[in-house]
Amino acid sequence: MSEPGQLADAEFTRSALSAAQTWLERDGKVALATVVGTWGSAPVPVGGQMVIAQDGSFHGSVSGGCVEGEVIAEAEDVLANGTSETLTFGVADETAWGVGLPCGGEIKVYIERVSADDDGRAMIDRAVTAQETRDGLVIATNLTTGKKTLFKREDTGLDADIVRRFSSGKSQVVETADGPVFYQAILPPARTIVIGATHIAQLFAQMGHMAGYEVIVVDPRTAFASADRFPDVTLHAEWPQDILPKLGLDPYTAVVVVAHVSHIDDEALKTALRSDCLYIGALGSRRNHAKRTERLKDAGFNEDEIGRIKCPIGLDIGAQSPAEIAIAIMSEVVLAVRGPKQVAVAA
C-alpha cells in the first residue's frame with residue numbers, strides 16, 4: 001500500500017456500506033458520498049465514504065467533520081433528483097486545525113443516488129460481501145455518466161493498472177476518453193498471523209495493534225498461547241497445519257514464524273508456501289535456516305518457493321533485544337504491505 005491508511009480504513013468503508021444496505025432496505029434509496037480526490041492535508045483518504053439516508057441520518061465521513069454539513073445538504077438534492085454531483089471543498093487553515101490538520105487543503109467529493117433496484121445497490125452488496133470474505137475489489141465509476149464496472153482479483157485479462165490496484169490499494173481519478181473515471185480499490189484490512197506465542201510475539205502483537213493490523217497468534221503449546229500472556233489477541237492453541245487452512249492465507253495476510261521450534265515452524269512454513277500470502281518471515285540464524293531449507297526441499301519445495309521466506313526475519317537494523325527484533329519484523333511487514341510490489345498481469 002503506497003497510500004497511507006488504505007488498509008486501515010477498510011473496516012471503516014465496510015461500516016458505511018453496511019449502513020447503506022440497511023437504509024436501502026428501509027427507504028429504497030440513499031445518497032453515497034465518496035472522496036475522489038484530495039490536495040494537501042486530508043483527514044479522510046481518497047476512497048473514504050459517507051452514506052446519507054432520506055431522513056438526514058448519516059454514517060461515515062468524508063472530511064472528519066469540516067464539510068459534512070454541506071455534503072448532507074447537497075445529498076438531499078441528489079436524493080430528490082437523482083443527478084450525481086462532484087463537489088470541491090477548500091479547507092481553510094483555521095478549519096483544518098479544528099479537525100486535527102497541520103494546514104489547509106482541498107477535498108473532492110462525488111455524491112450519487114443509489115436505489116434498491118439499480119446497479120449501485122448490487123455493487124454495495126458485492127463490496128460488503130468481499131470484505132467479509134477478505135476478497136479485494138476495484139470499482140470503476142464514470143463521474144460523468146455514473147456507470148460502474150466491477151473488477152475482481154481472479155478476473156482474467158485485467159489491465160495492468162487494475163492489477164496494480166489490487167496490491168497497492170490506491171484509489172484515484174483517471175482522465176479517459178469517456179470522461180473522468182474514479183477507480184476505487186476496496187481491500188480487506190492487513191492481517192498478520194504469528195506462529196509461536198513467544199516473548200517476541202507478545203511485543204509484535206502490541207505493535208501490530210498500534211499499526212491497525214489484525215493480529216492472530218497460533219501455538220499448539222497451551223502454556224504459551226494463553227489469554228494472560230496475550231490479552232485482546234485472537235489465539236489458536238492448535239497446530240499450524242490444522243488452523244491455517246481454516247483461517248485462509250490470502251494476499252493481504254503476513255505470516256510471521258517465531259516459535260523457533262522446528263516441528264512447529266516447518267509445518268507453518270509448508271502451509272504458507274502453498275498459499276499466495278503477502279509475506280513469510282521466519283526467525284532463525286543462517287545456519288539454522290540452511291538446515292530448514294534442506295528439510296523443506298525434502299518435503300518437495302524448490303529453491304524459488306523457499307526463497308519467499310525472509311530469514312533472518314525483519315529489516316536489518318542491528319536488532320538484538322526481543323523488542324528490537326519485534327520492531328524489525330514489524331518494519332518488514334509494513335514494507336511488504338506498503339512498499340512497491342512486482343505484480344504479474346493475468347493473460
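Modeller: Buried means under 20% relative accessible area, exposed over 50%, and partly exposed in between, with a 1.4 Å probe and protein chains only. Helices (H or I, at least four residues) and strands (E, at least two) are DSSP runs, numbered from the N terminus. The model is predicted, so local features need pLDDT of at least 70 and side-chain atom pairs count only at pLDDT 80 or more, whereas totals for chains, interfaces and linings use all residues. Residues are numbered from 1 along each chain as its sequence is written, and side-chain values use heavy atoms, with hydrogens and water left out.

Colleague: Which are the buried residues of helix α7?

Modeller: The general idea comes first: an α-helix has 3.6 residues a turn, so residues three or four places apart point the same way. In α7 (residues 240-247), Pro-240, Ile-243 and Leu-244 are buried. Seen down the helix axis, the buried residues of α7 fall within an arc of 105°, so they line one face; the arc is that of the directions from the helix axis to the C-beta atoms. Their cover includes β10, β11, β12 (234-236) and α8 (262-273), where contact means heavy atoms within 4.5 Å. Gly-248 follows α7 and has a positive phi, near 85°.

Colleague: Which residues of β10 point one way, and which the other way?

Modeller: In a regular strand the side chains alternate between the two faces of the sheet. In β10, Arg-191, Ile-193 and Ile-195 point one way, while Thr-192 and Val-194 point the other way. Of the 5 residues in this strand (residues 191-195), 5 are buried.

Colleague: How many bridges join β10 to strand β11, and how many join β10 to strand β13?

Modeller: Two strands pair if DSSP finds at least two bridges between them. Strand β10 runs parallel to β11 (residues 214-218), with 5 bridges, and Thr-192 stands opposite Val-215. Strand β10 also runs parallel to β13 (residues 253-257), again with 5 bridges, and Arg-191 has Thr-253 as its bridge partner there. Together with helix α6 (residues 199-210), β10 and β11 make a right-handed β-α-β unit. A crossover is right-handed if, with the strands pointing away from the viewer, the path from the first strand over the helix to the second runs clockwise.

Colleague: What order has the open sheet of 4 strands?

Modeller: The order is β7-β6-β9-β8, with antiparallel pairing. Its edge strands, β7 (148-152) and β8 (172-176), each pair on one side only. From one strand to the next, the twist averages 25°. Axes are lines fitted to C-alpha atoms, for helices over the stretch in contact, and angles run from 0 to 180 degrees between N-to-C directions. Helix α4 (residues 119-132) packs on the sheet and touches β6 (137-142), β7 and β9; its direction makes about 20° with that of β7. Helix α5 (residues 160-168) touches β6, β7, β8 and β9, and its direction makes about 125° with that of β6.

Colleague: Which residue has a positive phi of about 65° although it is not a glycine?

Modeller: That residue is Asp-232, in the loop between β11 and β12. Asp-232 is exposed, with a relative accessible area of 75%. His-260, also not a glycine, has a positive phi of about 60° and lies in the loop between β13 and α8. With a relative accessible area of 48%, His-260 is partly exposed.
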